[in-house]
Amino acid sequence: MMGFQVVLLWSDMLIWLLVVAGIGVGVLVAKTPPLLAAWRRVGADRVGMAAATVLLAFIAIGLLDSLHYRVQLDGKPGQKASYAVEVLSVLDALAAPLRLRNEKTYSAPFATRLYAKETIDLPGGETLRDYPRLKHGGSHLGEREDAVAADAGLTAFRAGVLALLAWAALAAGAAALVQRGPAAVDASGWQKIWRRETAFAWDAVLLTVGLMLLVVVPLFWLAGQYHVFGTDKVGQDVLYQVLKSVRTGLIIGLVTTLVMLPMAVLLGIVAGYFRGWMDDVIQYIYTVLNSIPGVLLIAAAVLMMQVVIDTHPQWFSTAAERADLRLLALCFILGITSWTGLCRLLRGETLKLRELEYIQAAQAFGVSSWRIIVRHILPNLMHIVIIALVMDFSGLVLAEAVLSYVGIGVDPTMISFGTMINSARMELGREPVVWWSLAAAFTAMFILVLAANLFADAVRDAFDPRAA
Amino acid sequence: MLQVTNLRLGFASGKKMLVAVDGISFVISKGETFALLGESGCGKSATAQGIMRLLPAAGRITDGSVRLEGTELLTLAEADMRQVRGARIAMIFQEPATSLNPVLTVGMQIGEVLDLHCGLRGEPARQRMLELLRQVGIADPERRLDEYPFQFSGGMKQRVMIAIALAGEPDLLIADEPTTALDVTVQAQILDLLAQLQRERGMGMLLITHDLGVVAKMAHRIGVMYAGELVEVASREEFFSRPQHPYTQALFAALPEVSRRGMALTTIPGQVPSLAAMPASCRFADRCTHVMPVCREISPDWRGVAASHTLRCHWSGSTAVVANHTPRMGLGHLMPEMAPFLDVVDLKVHFPIRRGVLQRTVGQVLAVDGVSLAISAGRTLALVGESGCGKTTVGKALLQLVKPTAGSVRLGGSELVGMQGKRLRAARRHMQMVFQDPFASLNPRLRVGEIIAEGMSALGLESDAAAQGRAVAALLKQVGLPDEAAGRYPHEFSGGQRQRIAIARALAVQPELLICDEPTSALDVSVQAQILNLLKKLQEELGVAYLFITHNFAVVEYLANDVAVMYLGRIVERGGAEEVLRSPKHPYTQALLSAVPVPRLDAHSAAIRLPGETPSPANPPAGCHFHPRCPLAIDVCRQRYPETSEISATHTVNCHLAR
């Protein structure tokens with residue numbers, strides 16, 4: 001057993017803090033009946049719950065990718081232990097086959113040969129220009145290169161059967177859970193689920209899980225033998241890149257909202273409640289900020305940050321730490337430039353709330369302004385905050401892709417949807433075209449953002465006081 | 001002409017169907033006004049929407065037939081139905097402010113109907129529009145036609161709405177609470193207009209209202225609705241002389257009136273059953289004073305008591321109005337007259353109008369312009385006036401929620417104007433406010449207990465939690481709510497219960513003066529009676545003084561010791577309730593009193609109709625503010641504001657004519 005050293009990156013810390021905060025908020029919600037009722041409405045929304053299931057899968061990948069460590073290098077006993085420069089995550093360890101089985105360059109999905117012709121030395125001293133055989137993709141087939149379809153189909157079928165079995169086990173578990181709950185109607189848990197008699201949208205969750213298992217299990221099974229999404233320019237497996245991109249997207253989406261939220265909420269309420277010169281100052285700030293082209297502002301800030309990072313190499317012991325700092329810097333910059341929308345929304349809502357009679361009643365009692373804000377205004381704005389949070393998430397994931405494409409996003413060594421698309425840009429221009437890198441990044445990001453948007457819709461429906 | 005038979009409609013909620021209107025039948029003939037009377041939530045508006053087939057998305061018509069001169073409306077294709085709406089049946093709505101499109105001129109909105117249903121366009125259409133506007137009494141129609149809704153006042157907008165409804169020359173007009181959002185003087189104008197138009201054109205009219213006074217003035221026949229059913233149908237004479245159904249009788253008995261001064265009002269216990277839990281028996285059984293065992297088993301059938309009078313009730317007891325066994329209650333005027341507890345002298349609240357880049361003040365809105373009041377402990381002063389006269393601003397300025405521009409507010413000897421910080425907070429203990437809308441005045445995210453305790457914690461009255469809990473429980477008991485209410489949220493309570501919570505919150509700091517800003521105007525008659533009874537009881541028990549801000553004269557007559565009438569930021573007449581209401585001296589007070597629709601047959605002798613509406617307080621007329629609308633105005637009225645003249649020791653009036 002090799003020794004290892006746990007590496008705690010700043011972004012890891014923030015993301016686990018968020019998980020803890022999420023659990024804390026969950027406990028708080030469970031104690032507040034109106035919030036609980038609203039989340040129950042989310043739980044009853046079929047589309048929303050299906051989206052939440054997909055989102056949870058993405059979050060699980062991201063969390064696995066947020067446990068970092070460095071492997072101990074073989075050294076002579078007695079010497080001070082030294083560790084590898086490369087920082088790995090639990091996801092890297094699980095997906096080791098994907099990470100390590102690199103080819104020389106491009107290869108198409110399920111290919112057994114490279115995508116470019118090379119000169120091959122034949123035993124007789126002759127040379128031949130041909131597509132060379134891949135080192136790993138389909139290597140178990142040996143000479144039977146034309147049997148790919150049959151082999152992959154059979155494997156996929158076997159994996160699919162296994163997935164169905166796993167799903168049946170899960171569904172039985174869910175049915176047992178429903179059965180144990182309060183039984184108003186005399187029916188088995190299984191019947192209740194499919195007759196939609198449960199308060200929670202179990203049928204949608206189970207269907208989504210079933211679909212996901214049917215796709216994911218065969219995919220990973222096959223990924224052990226083939227490059228299912230192909231390989232990129234340096235021969236790295238595209239599926240592995242997609243998995244690694246998930247964490248980057250999640251961090252950009254979550255940490256940025258964390259940065260912008262306190263600012264937007266505080267300034268928005270203060271402007272709306274106190275009005276007068278405070279309102280003027282805050283409005284001027286966000287109007288000015290809004291009128292500077294966003295990309296320009298972000299580019300300037302990111303480039304300055306890059307200069308700082310480059311001139312202080314002694315701060316970082318590994319490349320991962322350097323990339324991580326740049327990622328966080330990007331989050332902060334995005335956060336500082338994107339609070340204005342929510343702030344404006346909250347200011348308007350506060351303006352409306354402060355004229356309501358219960359606020360005036362509190363004023364008539366001489367309740368202090370901050371107490372009014374905390375007790376009366378903030379709780380009545382929470383639905384807007386929650387809706388904005390969930391909706392901003394998808395926007396930020398897309399923003400990262402655009403910024404990385406322009407070259408002012410995350411560190412070029414960090415894998416993200418944006419860097420994948422950026423590197424795929426040139427590949428689209430060559431003939432024959434290399435499409436799989438872009439397609440994989442596009443599909444994964446599309447699913448993530450679509451799930452986030454559908455979930456946001458469900459949350460908005462449940463929290464919008466006018467709809468309830 | 002219109003024949004509604006066994007109409008049933010409901011709202012889909014999940015897989016269930018909530019029946020809102022359950023098998024109602026009535027007919028309306030040409031030139032007749034049929035009034036649907038009932039409290040909120042009993043299905044009046046749903047019936048009208050059902051007839052027009054304009055139910056919201058969840059609404060379904062499950063049964064019955066609606067025939068307009070023989071044509072079955074419910075089976076008509078939607079395209080044909082569009083020919084019926086506007087051309088044969090027109091509708092006017094409650095809120096004139098939202099029923100006109102703000103970005104289209106009035107002419108375009110009338111023209112749309114003319115184009116659709118009469119095929120008129122261009123010059124003929126314009127002529128017709130001018131004619132319509134003249135018909136509904138809008139002066140200078142040539143200019144008004146090209147104006148936008150925001151340039152019209154509330155009453156004018158309702159007139160335009162009526163003009164639009166008339167444009168298609170309908171046979172039937174459905175008026176859904178057409179005057180509820182309007183002031184009494186304007187309400188009188190609109191009701192007169194509707195009655196006159198109906199006479200001229202021989203239209204049928206379905207009038208939906210909750211106001212017995214409006215019914216008495218307008219209706220030929222009346223149908224009383226309760227919980228989705230018609231319970232009594234009678235002609236106007238029968239209805240007002242011999243109401244039969246216990247619910248109708250209770251509605252009459254719940255009205256505050258001068259004859260009931262000093263007595264508790266009859267209230268209807270309980271609430272309308274919810275749509276989800278309608279009893280299969282008589283729906284009124286649980287709240288009925290004459291309930292019999294049979295009422296709880298069988299739903300009563302229609303039975304006739306006179307030629308034009310039918311009802312659904314098992315009880316056939318005497319027609320005598322509910323016996324006056326109601327206990328006499330505390331009379332405010334039994335309290336000895338003392339030195340005024342609250343003394344307001346020449347209070348002014350001006351709001352600057354700012355314009356331009358530099359936000360320079362270009363004018364002042366004189367919301368309150370020199371108001372003097374005095375309230376003694378344990379008495380009730382009613383501040384009466386139409387909307388926009390500044391009466392709510394007076395209430396807020398007294399509490400220092402709005403900073404007065406000038407004047408003095410002395411509370412128990414200490415001057416409140418200009419008081420700051422801690423001392424103001426301490427002074428606020430003596431004075432609290434109950435607001436108009438019980439739905440907006442309670443924070444939906446706090447428990448009732450927390451809401452009531454807020455004032456105590458803020459003013460540092462009860463610091464430890466246990467004592468606070470006890471105090472909250474005592475307050476809840478005082479306002480007639482169960483103890484366990486403290487742990488629940490406001491949305492679990494009905495409007496009347498919420499108003500009780502608001503009163504409990506105000507009482508929590510033991511104030512000597514309660515400013516009630518239209519506390520019952522958002523409530524139904526039966527609930528209003530409960531709240532008025534509660535306020536009286538509290539005054540008797542605690543000796544609280546009330547400043548009662550209202551536009552409802554019935555409530556004033558019932559409750560007030562003193563009355564002050566406000567017009568455009570100033571008090572025009574002030575005195576004891578008897579003096580002001582029996583022998584009003586100011587022409588405005590006289591007009592207001594005569595415009596109030598009275599729920600009796602014999603009312604309406606020589607009503608004084610005021611032309612126009614209250615002018616803007618940013619730009620009050622020169623001289624006496626009232627002279628442009630005053631039927632008795634003379635030259636001196638146009639030149640200077642009248643001095644205060646004393647009619648008696650307590651009765652003062654500001655009018656040149658009352659000397």
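Reader: At what angle do helix H16 and helix H17 of chain A pack?

Author: The model is a predicted one. Helix H16(A) covers residues 417–427 and helix H17(A) covers residues 436–463. Their axes lie 8 Å apart, and the packing angle is about 150°.

Reader: Which term describes the direction of H16(A) relative to H17(A)?

Author: The two helices pack at an angle of about 150°. Angles over 145 degrees count as roughly antiparallel. H16(A) is therefore, relative to H17(A), roughly antiparallel.

Reader: Which residues of H17(A) make the contact with H16(A), and is the crossing left-handed or right-handed?

Author: On the H16(A) side, the contact involves Phe417(A), Met420(A), Ile421(A), Ala424(A) and Glu427(A). H17(A) contributes Ser437(A), Leu438(A), Ala441(A) and Met445(A). As H16(A) passes H17(A), the crossing is left-handed.

Reader: What percentage of the residues in chain A is buried?

Author: Chain A holds 17 helices and 5 strands, and its C-alpha atoms fill a box of roughly 100 × 70 × 55 Å along the principal axes. Among its contacts with a separation of 6 or more, 70% link residues 24 or more positions apart. Of the 468 residues in chain A, the buried share is 39%.

Reader: How does the radius of gyration of chain B compare with the globule rule, and what is its value?

Author: Chain B has 21 helices and 24 strands. For 659 residues the globule rule gives 26 Å, and the chain comes close to that, so it is as compact as a globular protein of that length. The radius of gyration of chain B is 26 Å.

Reader: Is strand S3 of chain B buried or exposed?

Author: Strand S3(B) spans residues 33–37. One side carries Thr33(B), Ala35(B) and Leu37(B), the other Phe34(B) and Leu36(B), and both faces are covered.

Reader: Which residue of S8(B) is the bridge partner of Phe34(B)?

Author: S3(B) and strand S8(B), residues 204–209, run parallel and are joined by 5 bridges. Within S8(B), Phe34(B) is partnered by Leu206(B).

Reader: Which residue of S9(B) is the bridge partner of Leu36(B)?

Author: Strand S9(B), residues 221–226, also runs parallel to S3(B), with 4 bridges between them. In S9(B), the partner of Leu36(B) is Gly223(B).

Notes: Residues are numbered from 1 along each chain as its sequence is written. Chains are lettered from A and ligands numbered from 1 in the order in which they are written. This is a predicted model: local features need pLDDT of at least 70, side-chain atom pairs count only at pLDDT 80 or more; totals for chains, interfaces and linings use all residues. A residue is buried if 20 or more other C-beta atoms lie within 10 Å of its own, exposed if 12 or fewer, and partly exposed in between; C-beta atoms are placed from the backbone. Two residues are in contact if their C-beta atoms, placed from the backbone, lie within 7 Å. Two strands pair if DSSP finds at least two bridges between them. The radius of gyration is taken over C-alpha atoms; the globule rule is 2.2 Å times the number of residues to the power 0.38. Axes are lines fitted to C-alpha atoms, for helices over the stretch in contact, and angles run from 0 to 180 degrees between N-to-C directions. Angles under 35 degrees count as roughly parallel, over 145 as roughly antiparallel, 65 to 115 as roughly perpendicular and the rest as oblique. A crossing is left-handed if the near helix is turned anticlockwise from the far one by less than a right angle, and right-handed if clockwise.
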